[in-house]
Amino acid sequence: MPQPPPEAPSLVEKRDADNILGTYKRTPFHPLSGKGAKLVDADGKVYWDLLAGIAVNALGHRHPRLVKALREEANHLLHVSNLFFHPAQGLLAERLTQLSGLPRVFFCNSGTEAIEAAVKFTRLAAPGRSRMIALEGGFHGRTMGALALTGNEDYRTPFLPLVGETIFLPANDIAALERAVTPDTAAIFLEPILGEGGIVPLTAEYARAARAAADRVGAALVFDEIQSGLGRTGHLFVFQELGVVPDLVTLAKPVGGGLPLGVVLVGARIAPLVKPGQHGTTFGGNPIACRLGLETLSEIVDGGLLEGIRETGEWFGKKLRNAKKRSKGGIVDVRGRGLMWGVELSRDAAEVQKALLAKGFVVGTSRTKVLRLLPPYVVPRPALSGFIKALEEILREAPKEKVS
Ligand SMILES: Cc1ncc(COP(=O)(O)O)c(C=O)c1O
C-alpha cells in the first residue's frame, strides 16, 4: 500500500507541544527510518546512530531476524496476560537462567518496573528492614521506589518523601561502603557502570566489597544492568565480568529487541521467598517482546557479537584517549569499555551534542559535560572514527567562551 507523505516536522512538533504533557525536552530531530546503525530523518538526511534509542536497539534498526520474528508473532497473538501460558516467556527465561546462572526470572515492562520489583523482593528477603544503599549519581528510574534509589537531587526533591531510607555513597569508595552497611540495611543497589551518572565504571574490588558487606549483614546485593548489561561491555552480564554474583540483576532496554520488556534475574536465596500474588503485572512478559528478546539474545551470544564488541571497544578507547591528548584540555576524560563510553568535555555537552547532530551523529549526554555513546552492537568502525573527527572539528571551531 502506498504510504502517505511524511508530515512537516514543524506540524509534528506543534501537535506534540499542544497535546503531550511536558515531561520531555525533545531535540528537534525526526528520524523516520533506519537500517543497522543508520537513521534517516524526514528530509532524507542520513545519520550514524551512536545512541541506539538509549541503549535499546542492540542489533541496530530493522534487523532482518527481528523483522521476521515480529511478522511471525503478529500472526498469532499480541497479548495473553500472565493468567495463561505462552511459550516465548519460558524460552526466554530458560535462556536467561542458563546464561546468567541465576535460577529464576520475573518479567515486567520497563527498567523502572524491574527496579520496583527488585525493591519488593529485597523486602521479602529482609523483613522489617527498609534502609537501602545506592550511589551518588546513580540512576534507577522515576517511579517512587526507583526514584528513592536514584542519586540525583533534581529528580528527587519535588517528590519527597520517597520510599524507605536510602544512603547515597560515592562510587568506588570501599571504606564508605563498609561504614554504611549495618544490620538495618535491606539492600545495596549498584549500577556496575553508572550510565546517567556520566559513565563511571565500578571496580571489581568495589563489587567484591559490596558482596562481602551485603553478606556480613544478610542484605541483598542488586546489580542494575539495565543500561550496561546484555553485551554492551562485550560480556553478556557485567557481574560475570567483575566476578561477583548478585542476589538480583535488573535488565531492560535491549532485552525486548526494541519492545518494552523488563526483567529481574532472581538468585537462589530470594527466589523461593516470592509467592503467588506478591507481585505481578498485566502486560509483563508480552509474547512478542519475549520472542524478540530471544532472537536478540541468540544473535548476541550465538552470533558471536561479544568478541567484536570487546575488540571494537579496545580500539575505540585508544582512539578516544589519543583524541583527548590532542584536544588541549577540550576533552577532560574518557571512560567506559565495549560500546559504552563517556567523553567528558570542558564545556556544555548539550551544545556539542547539537553540533554533532548537525554533522550527522546522534549521541546522548549525561550530567552536564559528558557525551554518552551507546551505539548498536553492529556499529561499524568508520562511524566511530567519524564521530571522533567530527568532535575534534567542533571543539576546534566552537569559541570556548560561547559554550562553556
Ligand atoms: C541503569 C538504569 N536503571 C533504570 C533505568 C530506568 O529504565 P526505564 O527508563 O526503562 O524505566 C534506566 C533508564 O535509563 C537506567 O539506565
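Modeller: We take the helix packing, then the sheet, then the ligand shell. Keep in mind that this is a predicted model.

Colleague: Why is helix H3 called roughly antiparallel to helix H11?

Modeller: Start with the angle. H3 (residues 64-74) and H11 (residues 287-301) pack at about 155 degrees. Angles over 145 count as roughly antiparallel. Therefore H3 is roughly antiparallel to H11. Their axes lie 10 Å apart, and the crossing is right-handed.

Colleague: Which residues of H3 and H11 meet?

Modeller: From H3 come Arg 65, Leu 66, Ala 69, Leu 70 and Glu 73. In H11 they meet Pro 287, Ile 288, Arg 291, Leu 292, Glu 295 and Glu 299. By class, this contact holds 6 nonpolar, no polar and 5 charged residues.

Colleague: What makes two such residues count as being in contact?

Modeller: Their C-beta atoms, placed from the backbone, lie within 7 Å.

Colleague: How do the axes of H4 and H11 cross?

Modeller: Helix H4 (residues 87-100) and H11 cross at roughly 35 degrees, and their axes come within 8 Å. The crossing of H4 and H11 is left-handed.

Colleague: Which residues of H4 and H11 meet there?

Modeller: H4 brings Ala 88, Gln 89, Leu 91, Leu 92, Arg 95 and Leu 99. Among their partners in H11 are Cys 290, Gly 293, Leu 294 and Val 301. The classes are 9 nonpolar, 2 polar and 2 charged.

Colleague: Now the sheet. How do you know that strands E2 and E3 pair?

Modeller: Count the bridges. Strand E2 (residues 38-41) and strand E3 (residues 46-49) share 3 bridges, in the antiparallel sense. Pairing takes at least two bridges, so E2 and E3 pair.

Colleague: What is the order of the strands in the open sheet?

Modeller: The order is E1-E2-E3-E15, with mixed pairing across the 4 strands. Strands E1 (31-35) and E15 (361-362) are the edge strands, each pairing on one side only.

Colleague: Last, the ligand. How many residues surround it?

Modeller: The count is 15, and the closest are Ser 110, Gly 111, Thr 112, Gly 141 and Gln 227. Helix H5 (residues 111-125) gives the most to this shell, with 3 residues.

Colleague: How does the shell divide by class?

Modeller: The shell has 5 nonpolar, 7 polar and 3 charged residues.

Technical notes. Residues numbered from 1 in each chain as written. Predicted model: local features only at pLDDT ≥ 70, side-chain atom pairs only at ≥ 80, totals over all residues. Near = placed C-beta within 6 Å. Nonpolar A, V, L, I, M, F, W, Y, C, P; charged D, E, K, R; others polar. Axes fitted to C-alpha atoms, helices over the stretch in contact; angles between N-to-C directions. Parallel < 35°, antiparallel > 145°, perpendicular 65-115°, else oblique. Left-handed = near helix turned anticlockwise from the far one by under 90°.
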